[in-house]
Amino acid sequence: MTNPLAAIKDLPAVAPAARLWRSLKERFSPAPIDTVDSLRTFLEERAALIAQKCAIDYCRGKTGLASYALFTEKPFLDALDICRWETFVTVLGDLLIIAEGSLRQHVIDAQQPRLGEALVGLYSEVLGRMPLPTHRAQGWGDAIASFALRLKEASHAEPRQALDVADHSAKRLFDTLPIHSRYRELDEEVVYGAVRFRMIAVSQEMQRRIAAEDLAGKLTA
């Protein structure tokens with residue numbers, strides 16, 4: 001009879017290798033974005049990454065060694081949360097606008113409004129699943145309305161690329177950074193550059209992985 005304890009004992013040695021293998025597989029052979037769920041997950045995760053990294057990296061770089069003390073101060077952390085949330089919802093919308101540009105060529109003219117409705121619904125669904133932050137007790141209604149308007153305008157123009165929308169997200173980040181405006185006024189291009197870089201990287205990843213024809217059909221079904 002096989003001793004079950006032997007298998008359990010081997011788990012700690014196997015688990016790190018398994019995690020490394022999964023990580024390498026996801027990096028070099030990532031799953032296609034071919035369902036509405038996978039698109040939502042991808043955009044939600046990447047929007048959070050951009051908002052988090054750009055805000056925190058700037059604040060740490062700006063304050064240097066003092067950042068260790070600053071990141072323990074509640075007023076600063078509260079302001080940082082506002083910045084990350086507001087940047088997240090803005091980046092999420094801009095990434096959906098980029099996605100719309102990839103999907104529309106696989107949709108006939110009569111289905112274009114349906115595609116727009118589906119993407120607005122996706123945006124609303126992501127926000128609806130999130131806990132409301134303290135500064136957003138009134139909800140995300142204004143953000144959803146603003147995104148719906150921007151998406152409608154974008155759908156009547158040439159498909160938007162990352163550089164076409166990145167500055168919109170960058171401005172929201174820059175305006176809400178928890179560093180006084182007089183200390184960051186010379187850093188605008190640095191902040192905008194960081195957002196552009198990450199938006200381009202995410203856009204390129206999305207273009208590689210998205211199964212646009214299948215996904216467009218599912219969104220407009």
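The following questions and answers go through a predicted model of one protein.

Biologist: What percentage of the contacts between residues at least 6 apart in sequence join residues at least 24 apart?
Modeller: A contact here means heavy atoms within 4.5 Å. Among the contacts in the protein that join residues at least 6 apart, the share joining residues at least 24 apart is 80%.

Biologist: What percentage of the residues in the protein are buried?
Modeller: A residue counts as buried if its relative accessible area is under 20%. The protein has 221 residues, and the buried part of them is 39%.

Biologist: Are H4 and H5 roughly parallel or roughly antiparallel to each other?
Modeller: Helix H4 covers residues 74-103 and helix H5 covers residues 112-128; their axes come within 11 Å and cross at roughly 155°. Angles over 145 degrees count as roughly antiparallel. H4 and H5 are therefore roughly antiparallel.

Biologist: How do the residues of the contact of H4 with H5 divide into nonpolar, polar and charged?
Modeller: On the H4 side the contact includes Phe 88, Val 89, Leu 92, Gly 93 and Glu 100, and on the H5 side it includes Gln 112, Leu 115 and Tyr 123. Gly counts as polar in this scheme, and Glu as charged. The division is eleven nonpolar, two polar and one charged.

Biologist: Is the crossing of H5 and H6 left-handed or right-handed?
Modeller: The axes of H5 and helix H6 (residues 141-155) come within 10 Å and cross at roughly 155°. That angle is over 145 degrees, so H5 and H6 are roughly antiparallel. As for the hand of the crossing, H5 and H6 cross right-handed.

Biologist: How many charged residues are in the contact of H5 with H6?
Modeller: H5 brings Gly 116, Leu 119, Val 120, Tyr 123, Ser 124 and Leu 127, which meet Ala 143, Ile 144, Phe 147, Ala 148 and Leu 151 of H6. Nine of the contact residues are nonpolar and two are polar. The number of charged residues is none.

Biologist: How many disulfides does a search of the whole structure find?
Modeller: A disulfide needs two cysteine sulfur atoms within 2.5 Å. For Cys 54, the nearest cysteine sulfur is that of Cys 83, 9.5 Å away. For Cys 59, the nearest is again that of Cys 83, at 6.6 Å. The search finds zero.

Biologist: Is Cys 59 buried or exposed?
Modeller: The cut-off for buried is under 20% relative accessible area. Cys 59 has a relative accessibility of 0%, so Cys 59 is buried.

Biologist: Which residue is 87 residues from Leu 173 in sequence and 7.4 Å from it in space?
Modeller: Leu 173 lies in helix H7, residues 162-176, and is buried at 1% relative accessible area. Leaving out residues up to four places away in sequence, Leu 173 touches Cys 54, Ala 55, Cys 83, Thr 87, Val 191 and Val 195. The residue 87 places away, with a C-alpha to C-alpha distance of 7.4 Å, is Glu 86.

Biologist: Which residues does Ser 203 touch, not counting those up to four places away in sequence?
Modeller: Ser 203 is in helix H9, residues 188-209. Its relative accessibility is 6%, so Ser 203 counts as buried. With residues up to four places away left out, Ser 203 touches Ile 98 and Ala 162.

How values were computed
Residues are numbered from 1 along each chain as its sequence is written. This is a predicted model: local features need pLDDT of at least 70, side-chain atom pairs count only at pLDDT 80 or more; totals for chains, interfaces and linings use all residues. Side-chain values use heavy atoms; hydrogens and water are left out. Axes are lines fitted to C-alpha atoms, for helices over the stretch in contact, and angles run from 0 to 180 degrees between N-to-C directions. Helices (H or I, at least four residues) and strands (E, at least two) are DSSP runs, numbered from the N terminus. Angles under 35 degrees count as roughly parallel, over 145 as roughly antiparallel, 65 to 115 as roughly perpendicular and the rest as oblique. Buried means under 20% relative accessible area, exposed over 50%, partly exposed in between (1.4 Å probe, protein chains only). A crossing is left-handed if the near helix is turned anticlockwise from the far one by less than a right angle, and right-handed if clockwise.
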